[in-house]
Amino acid sequence: MLKEIAGLNSGRVLITGNGKKLARIYLNSWGRGRKILAEYLPFQVKGDVYIGSPFESDDFEVYLIVNPLSRPKAEREKLHRWLAEQRDRLVLLYEGKYVRDSITRYGIRDFIDYLIAYKRETVGFERVDVMRLESGRVVETKTYIRRY
């Protein structure tokens with residue numbers, strides 16, 4: 001399912017749990033031949049990335065929005081309206097805090113297509129849970145584990 005997400009042409013993906021490496025891989029994959037607009041970059045990305053507010057520009061094919069769950073209520077509502085309009089674009093939502101099953105408590109669940117929950121465990125492995133959502137409900141789940 002991770003390769004399927006890398007090959008998307010449109011959709012909204014939420015990465016939680018400080019998965020910078022995954023977010024960088026997806027932006028590098030999606031950015032080939034496309035313009036990227038980011039609010040700011042918490043990590044390095046290859047290619048041309050423009051910094052600015054995604055709410056003010058429709059000239060880009062790929063967007064990076066940082067910490068969408070940690071915003072005040074008014075900003076979250078504005079983000080939800082914007083996400084509803086951006087069905088034909090690639091939007092990567094990057095959240096530093098870990099959210100997996102509790103995504104059902106957030107209103108953003110209705111606007112995302114995939115949730116990737118990254119967690120680095122203390123016993124020597126990383127866990128990545130990938131969920132495909134339709135209309136705010138989880139329809140498919142896959143877990144990847146990597147020992148280090």
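**Close-up views of the predicted model**

**Figure 1. Overall view of the protein chain and its contacts.** Among the contacts in the protein chain with a separation of 6 or more, 57% are made by residues 24 or more positions apart. The chain is shown as a predicted model, and its secondary structure comprises 3 helices and 8 strands, which follow one another from the N terminus in the order α-β-α-β-β-β-α-β-β-β-β. The C-alpha trace spans about 45 × 35 × 25 Å along its principal axes. A compact globule of 148 residues would have a radius of gyration near 15 Å, and the value of 15 Å for the protein chain agrees with this.

**Figure 2. Surface and charge of the protein chain.** Of the 148 residues in the protein chain, 45% are buried. The accessible surface comes to about 8100 Å², and carbon and sulfur atoms contribute 45% of that surface. The chain carries 28 positive and 20 negative side chains, with the centres of the two sets lying 6 Å apart. Side chains of opposite charge can pair when their charged atoms come close.

**Figure 3. The salt bridge between Arg12 and Asp113.** The side chains of Arg12 and Asp113 form a salt bridge, with a distance of 3.5 Å from N to O. Because Arg12 belongs to strand 1 (residues 11–16), whereas Asp113 sits in the loop between strand 5 (90–94) and strand 6 (114–120), the pair ties together parts that are 101 residues apart in sequence. The two partners can also be described by their accessibility: Arg12 is buried, having a relative accessible area of 1%, while Asp113, at 22% relative accessibility, counts as partly exposed.

**Figure 4. The salt bridge between Arg71 and Glu75.** Arg71 and Glu75 are joined by a salt bridge in which the closest N and O atoms are 3.6 Å apart. Arg71 has a relative accessibility of 10% and therefore counts as buried, since the limit for a buried residue is under 20%. Glu75, with a relative accessibility of 38%, counts as partly exposed.

**Figure 5. A network of salt bridges that includes Arg100.** Arg100, Asp101, Arg127 and Asp129 are linked to one another in a network of salt bridges. Within this group, the side chains of Arg100 and Asp101 meet in a salt bridge with an N to O distance of 3.5 Å. Arg100 is partly exposed, with a relative accessible area of 23%.

**Figure 6. Asn28 and the residues it touches.** Asn28 is part of helix 2, which covers residues 20–30. When residues up to four places away in sequence are not counted, Asn28 touches Val45 and Lys46. The relative accessible area of Asn28 is 19%, so this residue is buried, although the value should be read against the limit of under 20% that applies to buried residues.

**Figure 7. Glu134 in strand 7, shown together with Arg76.** Glu134 is found in strand 7, which runs over residues 125–134, and at 44% relative accessibility this residue counts as partly exposed. Arg76 is included in the view for reference: Glu134 and Arg76 are 58 residues apart along the chain, and their C-alpha atoms are separated by 20 Å.

Key
Residues are numbered from 1 along each chain as its sequence is written. This is a predicted model: local features need pLDDT of at least 70, side-chain atom pairs count only at pLDDT 80 or more; totals for chains, interfaces and linings use all residues. Side-chain values use heavy atoms; hydrogens and water are left out. A salt bridge is a side-chain nitrogen of Lys or Arg within 4 Å of a carboxyl oxygen of Asp or Glu. Helices (H or I, at least four residues) and strands (E, at least two) are DSSP runs, numbered from the N terminus. Buried means under 20% relative accessible area, exposed over 50%, partly exposed in between (1.4 Å probe, protein chains only). The radius of gyration is taken over C-alpha atoms; the globule rule is 2.2 Å times the number of residues to the power 0.38. Contact means heavy atoms within 4.5 Å. Accessible areas come from the Shrake-Rupley method with a 1.4 Å probe; for residues, only the protein chains shown count as cover. Lys and Arg count as positive and Asp and Glu as negative; His and the chain ends are not counted. The place of a charge is taken as NZ of Lys, CZ of Arg, CG of Asp or CD of Glu.
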